[in-house]
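Hello,

Here is the structure you asked to look at. My notes on it follow below.

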Amino acid sequence: MKLHNIIKGMAFVGASALMLTSCDDEKLLTTDFEETRIPTEVQLHVSEILPVGVGMDTTLSYTLLPLDFPDREVAFLTSNENVATVDPDGTVHGVSVGEATITCTLPIGFGPYSNVTIQVISEVVKAESLTVVNTTDLGEEGKIFVTDEIQLQAQILPENHTYDRVTWHSSNEGIATVDENGLVKCLAPGQVELTAITTDRSGVKGSIVLDIVPYIAAESITIAPLAEPVCIVGGPVALNVTYTPAGATLGSVEWKSSDETVATVHRGVVTPTGFGTVTIIGTCVETGEEAQVTIEIPAGWYVWNAANGFMGINKATSWISNNENPNIENGVWRVHFPDAGTGKWRRDFKLNCSNNDLFQMHKSMPVLAFRNTVPTGGNNTWDVRDSGNPKDNAGFPLPDGTRLIMIDLTAKFAGWDAFHGFNLFQLKVADIPNANVDRNKAYYDIFWIRTFATADEAKAFATADAEANPIQ
C-alpha cells in the first residue's frame, strides 16, 4: 500500500514531554500538556463496491466523527496501484480492469478507518433519465403532515446503468430535510422540492415536489387487538390505530416496544425480531394519553409464501433454490428445471442455513410442511441434517391435485427443552424421469411452507387450503 498524505503534526511523547520541578527538595511530576485526541470514526459516503471506468476518476467524500474534532485531515491508501490509484484529496483513478481496496484512515497510522472496494471496469454506462418516486403510503387522505417521514427512491434508466448512488438535496431545509438514503423529515408546513442527482457525471437529475400540511396533535388513540398471532417471518404489521381527532398527525404519537428483542415499532408499524410476547405502547405527545396492545409471536411458528417471498428475518430463515432466491410467479414460488436433455430433471430447494447460521425449530412446532406440485417419481428426499434423513416420495395428495410433503421431527426434540438448531433443511427434487415432466412446463410450484404442531394439523390445513384455493 502507498500512503499519499504526508503525516503532519505528530506529537512525540517522551521524557522531554514531562517536566520535573523542584519544590522544597521534593520532586513533583507535572503533566500539564494537553491530552492527545483522535477521531472515533471515519465514514466514507459511498457504496461498498464502487465501479470506476478505466481512465476515469471519482472523488471519495468522507466524514470524521465527532464533527467538532479540530483536525480534519485523513490519508488514503490503495491496495493495488496497478488497478487503481488515489490522490491525497480522495480522487480515485481507474488504471486497469480489476479490484482494489481504498482505505481512508488517519495520517498517524492508527485509529479508525473505512474501506471501499473499487471495481475498475472497461466501460461505464451513464444514466439517461432519473425519476424520483415516493414509496411511503400516505393513507386514505394522501396528505403529508409536519413530523411525517417520507421515503423517496431514485429510479434510474437505462437498467444496466453503472452507478446507483445519487446525492439528495432539499430546496428548503427549514421545511424538509433529506438524508443520503432519500429519507425525508418534514419539519414545517409548505412546499418543498427534493432533488436527486446522479454521481456518474452525466448531469442527470430528477425531483419531486411535496406539499406539507400543518401538524395536528393527537388527543387520544385506540389500538384494535390483533385477530391472530404474528409470524416472525411475516414482515412488518401495521396496527389498526384510531386517532382522535381523525386527521391527527402520525408523528404526534410516540411508540415504544416493551421488548425490542421480540418486536420493534415505528409509527404504529410493528416488525417482529424474535419469539415471545411483547406490549406495544402508543403515547400522545401533547396529552400523554396512552393505548397499548399485546402481540404474541409464537415460538417456532414460521409461514413462508409469496407475501414474504419465502424469505425470513435473516439468512438462516430464508429459502433458496440452487443458491438462487425464490422466483415468485402467479402468487407461487415457481422453481424452473434446467434443460435435462436426455437425462433426468433436478432442481432442489433448501433453507439457507449452515453451521454458522443454524435454523431454530421449536418443540411446539416440530412439523415442517409445504404444499406443492413437485413431480412424482425420481428421488424426492428430505435431507435434514441430524434427523436420520427420512424420506417421503409420495407425499399426501390434496383435493385439487397438489401435494403436501412434510417431515415430522417430534422425536428429534426428545430431551430438548425448547429449540433445536439445524444446519441443513433441503428437499432433493432429483432424478425425475423425463416422462414425468412436461417440457413446455418444466417447473414445479410451491404454494407455501409452514410449521405445524402435528402432522394431522398440517394435513387438515393443507386440505382446507386446497379446497378454498385450488391450483389454477
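Contact here means heavy atoms within 4.5 Å. In that sense, and leaving aside residues up to four places away in sequence, Gln 43 touches Ser 61, Tyr 62, Thr 63 and Leu 65. Please keep in mind throughout that this is a predicted model.

To stay with Gln 43: this residue sits in strand E4, which covers residues 41-44. The side chain of Gln 43 makes a polar contact of 3.2 Å with the side chain of Glu 41. Pro 112 is 69 residues away from Gln 43 along the chain, yet the two C-alpha atoms are separated by 9.3 Å.

Phe 419 can be described in the same terms. Phe 419 belongs to strand E39 (residues 419-422) and is partly exposed, with a relative accessible area of 31%. With residues up to four places away in sequence again left out, Phe 419 touches Phe 275, Ala 299, Gly 300, Gln 360, Met 361, His 362 and Phe 413. Between the C-alpha atoms of Phe 419 and Pro 366 there are 9.8 Å, with 53 residues separating them along the chain.

Next, the helix. Helix H1 takes in residues 455-468, which makes 14 residues. At 1.5 Å a residue H1 should span 20 Å, and its end C-alpha atoms are 20 Å apart, so expectation and model agree.

Which residues of H1 are buried? They are Ala 455, Ala 458, Ala 462, Asp 465 and Ala 466.

Is Arg 403 buried or exposed? Arg 403 has a relative accessible area of 7%, so it is buried, the cut-off for that being under 20%. The side chain of Arg 403 reaches the backbone oxygen of Val 374 at 2.5 Å.

The strands E24, E27 and E28 form an open sheet of three strands in the order E24-E27-E28, paired antiparallel. Its edge strands, E24 (253-257) and E28 (290-297), each pair on one side only. Neighbouring strands of this sheet are turned by 20° against each other on average, direction ignored. Five bridges link E24 and E27 (residues 276-284) in the antiparallel sense, and Val 253 stands opposite Cys 284 in E27.

Another open sheet has three strands in the order E6-E10-E9, with antiparallel pairing. Here E6 (57-59) and E9 (84-86) are the edge strands, each pairing on one side only. In this sheet, too, neighbouring strands are turned by 20° on average against each other, direction ignored. E9 and E10 (residues 91-94) run antiparallel and are joined by three bridges; the bridge partner of Ala 84 in E10 is Gly 94.

Regards

Technical notes: Residues numbered from 1 in each chain as written. Predicted model: local features only at pLDDT ≥ 70, side-chain atom pairs only at ≥ 80, totals over all residues. Heavy atoms only, no water. Buried < 20%, exposed > 50% of the residue type's maximum accessible area, 1.4 Å probe, protein only. Polar contact = N/O pair within 3.5 Å; in protein donor to acceptor, adjacent residues only side chain to side chain. Pairing = 2+ DSSP bridges. Helix = DSSP H or I, 4+ residues; strand = E, 2+ residues; numbered from the N terminus. Axes fitted to C-alpha atoms, helices over the stretch in contact; angles between N-to-C directions. Expected span 1.5 Å × (residues − 1).
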